[in-house]
Amino acid sequence: MAPSESRSIVVTGAAGLVGQNLIPRLKARGFGPIVAIDKHLANTAILARLHPDITIVKADLSQPGAWQDSFAGARVLVMGHAQIGALTEEPFIANNVTASRNVLDAAKAHGVGYMVHLSSSVVNSLARDFYTESKKVQEAMVVESGIPACILRPTLMFGWFDRKHLGWLARFMQKTPVFPVPGDGRYLRQPLYAGDFCEIICACIDKPQPGNGYNISGQEKVTYIDMIRQLKEACGARAAIVRIAPNQRGGFLAVRTANAEAVVKKLRDRMVFADARGGIVRLGPAPYISDAQLRDAALAFCESVTTLS
């Protein structure tokens with residue numbers, strides 16, 4: 001697809017981690033005009049300051065509005081909006097399901113001929129939580145829309161403008177004296193650099209891949225605890241990295257703590273399945289705990305220590 005074409009590229013979720021890294025790469029390749037849509041006021045202000053030459057639309061995609069006219073004349077849609085974290089189901093439904101339905105309807109109404117959908121690796125996992133279930137619905141909607149689409153499923157990402165993944169862990173690490181790591185921390189991770197992922201998106205626009213789906217992860221394998229150590233060094237945190245010794249009890253990840261009931265409450269507030277048996281907290285079943293749930297579990301344990309000690 002020639003960069004010189006004058007029809008626009010619409011990017012939803014454009015002021016988030018992926019969007020902020022994608023837009024300069026689209027510009028560098030000569031793709032455009034670019035229409036960037038996002039509802040986060042502070043992030044869109046940053047995007048506008050960095051890229052005054054693109055069209056920025058501030059809008060809540062879960063609500064019909066004038067933003068739908070932004071799809072007029074568009075040739076490509078990069079669907080990147082997503083609700084990643086919340087304590088209740090409603091934001092996930094609004095931003096991953098309802099918003100996606102509205103976006104797809106607008107794209108079809110204006111004859112957009114191709115899209116790159118930014119899904120998630122969680123759709124292939126055994127995890128059951130609000131984010132996972134809503135992303136599965138979102139991907140199914142894309143397939144059923146009839147718009148030729150390439151689907152990309154990235155794993156955990158990091159990079160510039162990362163405030164929800166490793167960026168969140170870094171901020172947490174800078175604020176707490178103890179950073180808990182479940183188990184020995186030797187489980188492997190393959191974090192994906194957002195810049196590399198954006199290069200893949202650009203390639204899928206340059207040479208369209210309709211009907212194809214790709215699972216995307218980083219090429220380098222690193223253990224979780226080594227990743228946390230590198231993160232600590234990079235952000236200059238002074239928190240002590242402490243392993244929480246787990247064991248297996250009937251297929252569950254079990255941790256002994258004097259504050260079992262309080263820890264379970266905090267875990268359940270974060271939609272992590274857990275229960276207390278005496279002084280033992282059970283998470284699991286252990287094989288089904290997602291990366292996000294492990295992070296939430298670590299946070300809950302640390303909060304219980306600082307709040308209840």
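**View 1. Aromatic pairs: Trp67 with Phe71.** Searching the whole structure turns up six aromatic pairs. Here, the ring centres of Trp67 and Phe71 are 6.1 Å apart and their planes sit at 65°, so this pair is called edge-to-face. The rule goes like this: rings of Phe, Tyr and Trp (its six-membered ring) pair if their centres lie within 6.5 Å, and planes under 30 degrees apart count as stacked, over 60 as edge-to-face and the rest as tilted. Trp67 is buried, with a relative accessible area of 4%, and Phe71 is buried too, at 0%. (Buried means under 20% relative accessible area, exposed over 50%, partly exposed in between, using a 1.4 Å probe and protein chains only.) Keep in mind that you're looking at a predicted model, where local features need pLDDT of at least 70, side-chain atom pairs count only at pLDDT 80 or more, and totals for chains, interfaces and linings use all residues. Residues are numbered from 1 along each chain as its sequence is written, and side-chain values use heavy atoms, with hydrogens and water left out.

**View 2. Aromatic rings of Phe158 and Tyr193.** What do we call the pair formed by the rings of Phe158 and Tyr193? Their centres are 5.6 Å apart and their planes are at 45°, so the pair is tilted. Phe158 belongs to strand E7 and Tyr193 to strand E10 (residues 192–193), so the pair ties together parts that are 35 residues apart in sequence. Helices (H or I, at least four residues) and strands (E, at least two) are DSSP runs, numbered from the N terminus. Phe158 counts as partly exposed at 29% relative accessibility, and Tyr193 is partly exposed at 28%.

**View 3. An aromatic cluster.** Trp168, Phe172 and Phe179 make up one aromatic cluster.

View 4. Side chains of opposite charge can pair when their charged atoms come close. A salt bridge is counted when a side-chain nitrogen of Lys or Arg is within 4 Å of a carboxyl oxygen of Asp or Glu, and that rule gives seven salt bridges. In the one between Arg25 and Glu199, the closest N and O atoms are 3.4 Å apart. Arg25 is in helix H1 (residues 17–28) and Glu199 in helix H6 (residues 194–206), so the pair ties together parts 174 residues apart in sequence. Glu199 is partly exposed, at 35% relative accessibility.

View 5. Glu133 and Lys136 are both in helix H4 (residues 130–144), three residues apart, or about one turn of the helix. They form a salt bridge whose closest N and O atoms are 3.8 Å apart. Glu133 is partly exposed at 29%, and Lys136 is partly exposed at 28%. Arg153 and Glu139 form another salt bridge, with their closest N and O atoms 2.9 Å apart. This pair links distant parts of the chain: Arg153 is in strand E6 (residues 149–154) and Glu139 in helix H4, 14 residues apart. Are Arg153 and Glu139 buried or exposed? Both are buried. Back with Arg25, salt bridges that share partners join Arg25, Arg29 and Glu199 into one network.

**View 6. A positive patch on the surface.** Arg163, Lys164, Arg171 and Lys175 gather here in a patch of positive charge. Patches are made of residues with over 30% relative accessible area and no salt bridge, with like charges joined within 9 Å and nonpolar side chains (Val, Leu, Ile, Met, Phe, Trp, Tyr) within 5 Å. Lys164 sits in the loop between strand E7 (157–158) and helix H5 (166–175). With 35% relative accessibility, Lys164 counts as partly exposed.

How values were computed
Accessible areas come from the Shrake-Rupley method with a 1.4 Å probe; for residues, only the protein chains shown count as cover. Lys and Arg count as positive and Asp and Glu as negative; His and the chain ends are not counted. The place of a charge is taken as NZ of Lys, CZ of Arg, CG of Asp or CD of Glu.
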